[in-house]
Amino acid sequence: MRNFGLAGNTFGWKNPLATGKKIGSFNLLVPGCSVYETAAQALPTNGAETAITFSFEYFDHGELHSTTTNTSRITFVVPGIYFFLGGFSWDASAAGTFREARILLNGNNAIDDQALVPSSVFSLSQQTSALYRVSAGDYAELTAQHDGGAGRSATGSPASRLSAVWVSA
C-alpha cells in the first residue's frame, strides 16, 4: 500500500509533489486547484472564443495556477484522471442565438461544453463539468463564446470559477 497522509492516517496514494499545505487540521495531498474571478470580463463580439482569467484561488495544491502568469490556465504536474468543474454568469441580453461555456485542454481540445439560449429577462448561469485524463504539462482553461454582438460579458457575479481535482492515476 502506498502512503496518503491525512492527519497521520494512511489510506491510498501519496503525492510526491505535496507542498504540505493545510486545510483546517488536514494536509491536502491530492493535486487540485479551484480558482475564481469576481470582476466582469468583457467578451469579444460575435463568436470569438475567449479564455476566462482568474485572479484568485480558493485553493491550489501542487502549484497548478498562477495569479500573475497565464491566469486563465490550470497546468498539471501530476498526470491522471481529474474532475473538472467550471462556470460563470452571462449578462442579460436576448441578442444572438447562443451562449457557450467550454473547458479546453491545451487550448484546442474540448473536454466538455454547454450551450444555452440567451435571455433578456435574467442573466444566465452556465456550468460545465467532466472527468478527463491529462498528462503532466497539459493545461485546462474555461472559455466563453457567444454570437450576441458587442457588450456581452461574463459578469463575475456570482464569481466565475474553474476547478480541477485529481481523482485517479
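Asn106 sits in the loop between E11 and strand E12 (109-116); strands (E, at least two residues) and helices (H or I, at least four) are DSSP runs, numbered from the N terminus. The model is a predicted one, where local features need pLDDT of at least 70, side-chain atom pairs count only at pLDDT 80 or more, and totals for chains, interfaces and linings use all residues. Residues are numbered from 1 along each chain as its sequence is written, and side-chain values use heavy atoms, with hydrogens and water left out.

Asn106 has a positive phi of about 55° although it is not a glycine. Its relative accessible area is 31%, so Asn106 counts as partly exposed (buried means under 20% relative accessible area, exposed over 50%, partly exposed in between, with a 1.4 Å probe and protein chains only). Asn70, in the loop between E8 and strand E9 (74-75), also isn't a glycine and has a positive phi, of about 45°. With a relative accessible area of 46%, Asn70 is partly exposed. For background, most residues other than glycine have a negative phi.

Next comes the sheet. Five strands make up an open sheet in the order E8-E5-E16-E10-E13, with antiparallel pairing; two strands pair if DSSP finds at least two bridges between them. E8 (56-61) and E13 stand at the edges with a single partner strand each, so one side of each has no neighbour in the sheet. On average, neighbouring strands here are turned by 10° against each other, direction ignored. E10 and E13 run antiparallel and are joined by 10 bridges, and Tyr82 stands opposite Tyr132 in E13.

Ser34 belongs to strand E5 and, at 7% relative accessibility, counts as buried. Setting aside residues up to four places away in sequence, Ser34 touches Glu57, Tyr58, Phe59, Leu162 and Ser163, contact meaning heavy atoms within 4.5 Å.

Then there's the largest nonpolar core, which has 28 residues; Ile52, Ile74, Phe76, Tyr82, Phe84 and Phe88 touch the most other members. Strands E5 (32-37), E10 (80-89), E11 (99-105), E13 (125-134), E14 (139-146) and E16 (160-168) each supply at least two residues of this core. A nonpolar core is a set of buried Ala, Val, Leu, Ile, Met, Phe, Trp, Tyr and Cys residues joined through side-chain atoms within 4.5 Å. Beyond its neighbours within four places in sequence, Phe84 is in contact with a list of residues including Phe76, Ile103, Ile111, Tyr132, Val134 and Ser163.

Methods:
Axes are lines fitted to C-alpha atoms, for helices over the stretch in contact, and angles run from 0 to 180 degrees between N-to-C directions.
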